[in-house]
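Subject: Handing over the two-chain model

Hi,

Here is the structure I promised to pass on to you. Have a look at it first, and then read on for what turned up.

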Amino acid sequence: MPDDRAPTPDFGRIYDENFAKVYNYVRYRVGDAAAADDVVARVFEKALARLSGFDPRRGPAAAWLFAIARSAVIDHFRAKAWFSWLPLDAFHGRPDPAPGSEELLSKDEERRALLESMAVLDEREREILALRFGGGMTNREIAAALELSDANVGVIIHRALKKMKGSLGEDQ
Amino acid sequence: MTRYDDLGDIPSLADDPGSLAVARRLLRADFSRESAVRGSLRARLLAPETAAPSWAPIARVLVSAAAAAALLLAPLRLGRRDDAHVLPRGERGLPVLPGSIPARPGAVEERLIVTKRVGALIETSAGRRVPTPRGSMILWRLDGVEYALETRRTTLEEIFEKRAL
């Protein structure tokens, strides 16, 4: 008789395989490095608390994690609305205490420029770009998560990239 | 299946080199090295006590908080009583310290404020409001020791010490 019980997920492996994607997604959404750390911590805490409900046979861990991450980002912005009198320092990364080389510094500047250029996007464009380039999701996965068509996701991404290229000096 | 780093599913990118360049820059960017919690969060979440979450520590904190709240609110409730007597004065008219205040028999009804047993924290407390020259104070007893919670008018000079070089 086949065993219908879901296999026990390896949380350490889920964490290692998805941390960077979840962090990049959250960072594109919230901008600030410290806020991204807070949100990502909440994402993985929730994931661990709900681990027993995750069945790997029903879908990849990434899709499950990103559902939690999207909810955590929404919670973050709700909380931020309550504390809107606090200074907004979004789009500024944690200062690099001692950049090891000019290359490191230029990478930091590049990341900052990318985040700043996303300020011209609306909420939906930003969400879709964050899922695509931060979370590493395909257009099809994004379409399924946001209940859009694949083609619509592709068009929105292209439109967002066109908006960004001016501030990134790529419009020549 | 389309790999996310293939950009073929984004229409017209081939005809728009500027947008294509932006997409490639976004694909190369990795912010996760800026995370200050990556290692510590992993260690915390995978620690044995975290992996098997228990409600016991949370329950302990809640019980302690409830006991502390009861302790703080009890004197406030007694503070509304009107049957207090005047604080006796010692030498030079200064009020006598709480530990030496004699209770007039029958003038003050001893009232049980709250009885809680949370481990060895709080057993019994009882008290009464006593007027002082500049306000009032509530005397209360905890585990056989008497304390005073005083309310009185004060001045900035009493609160902030002024120093001169």
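Two residues are taken to be in contact if their C-beta atoms, placed from the backbone, lie within 7 Å. Please keep in mind throughout that this is a predicted model.

**Where the chains meet**

On that basis, chain A brings 39 residues to the contact and chain B brings 31 residues. Which helices of chain A each supply at least two residues of the side that touches chain B? They are helix 1 (11–30), helix 2 (33–49), helix 4 (102–117), helix 5 (123–134), helix 6 (139–146) and helix 7 (150–165). By type, the residues on this side of chain A split into 19 nonpolar, eight polar and twelve charged.

Is B:Ser19 buried or exposed? B:Ser19 has 25 C-beta neighbours inside 10 Å, so B:Ser19 counts as buried. If neighbours within four places in sequence are left aside, the contacts of B:Ser19 are A:His158, A:Leu161, A:Lys162 and A:Lys165 from chain A, together with B:Leu13 from chain B.

**The two chains in outline**

Chain A has seven helices and zero strands, giving the order α-α-α-α-α-α-α from the N terminus on. Chain B, for its part, has five helices and four strands, and its elements follow the pattern α-α-α-α-β-β-β-β-α along the sequence.

As for burial, 34% of the 172 residues in chain A are buried, while in chain B the figure is 13% of 165 residues. Of the contacts in chain A with a separation of 6 or more, 70% are between residues 24 or more positions apart. In chain B, 42% of the contacts between residues at least 6 apart in sequence join residues at least 24 apart.

The axes of helix 1 of chain A and helix 5 of chain A come within 8 Å, crossing at roughly 155 degrees. These two helices are therefore roughly antiparallel to each other, and their crossing is right-handed. On the helix 1 side of chain A, the contact is made by A:Asn24, A:Tyr25, A:Arg27, A:Tyr28 and A:Arg29; helix 5 of chain A contributes A:Arg126, A:Glu127, A:Leu129, A:Ala130, A:Leu131 and A:Gly134. Sorted by type, the residues of this contact are five nonpolar, two polar and four charged.

With helix 2 of chain A, the axis of helix 1 of chain A comes within 9 Å, and the crossing is at roughly 140 degrees. This crossing, too, is right-handed. Among the residues that make the contact are A:Phe11, A:Tyr15 and A:Val22 of helix 1 of chain A and A:Val39, A:Phe44 and A:Leu48 of helix 2 of chain A. The residues of this contact comprise 13 nonpolar, no polar and one charged.

The mean pLDDT of chain A is 84, and 81% of the residues score at least 70. In chain A, confidence is highest in helix 1, at a mean of 95, and lowest in helix 4, at 81. Over residues 86–99 of chain A the pLDDT is below 50, and this stretch has 22 contacts in the model beyond near neighbours in sequence. Where pLDDT is low, the predicted coordinates should not be read in detail.

Best wishes

Key:
Residues numbered from 1 in each chain as written. Chains lettered and ligands numbered in written order. Predicted model: local features only at pLDDT ≥ 70, side-chain atom pairs only at ≥ 80, totals over all residues. Nonpolar A, V, L, I, M, F, W, Y, C, P; charged D, E, K, R; others polar. pLDDT = per-residue confidence, 0-100. Axes fitted to C-alpha atoms, helices over the stretch in contact; angles between N-to-C directions. Parallel < 35°, antiparallel > 145°, perpendicular 65-115°, else oblique. Left-handed = near helix turned anticlockwise from the far one by under 90°. Buried ≥ 20, exposed ≤ 12 C-beta atoms within 10 Å, placed from the backbone.
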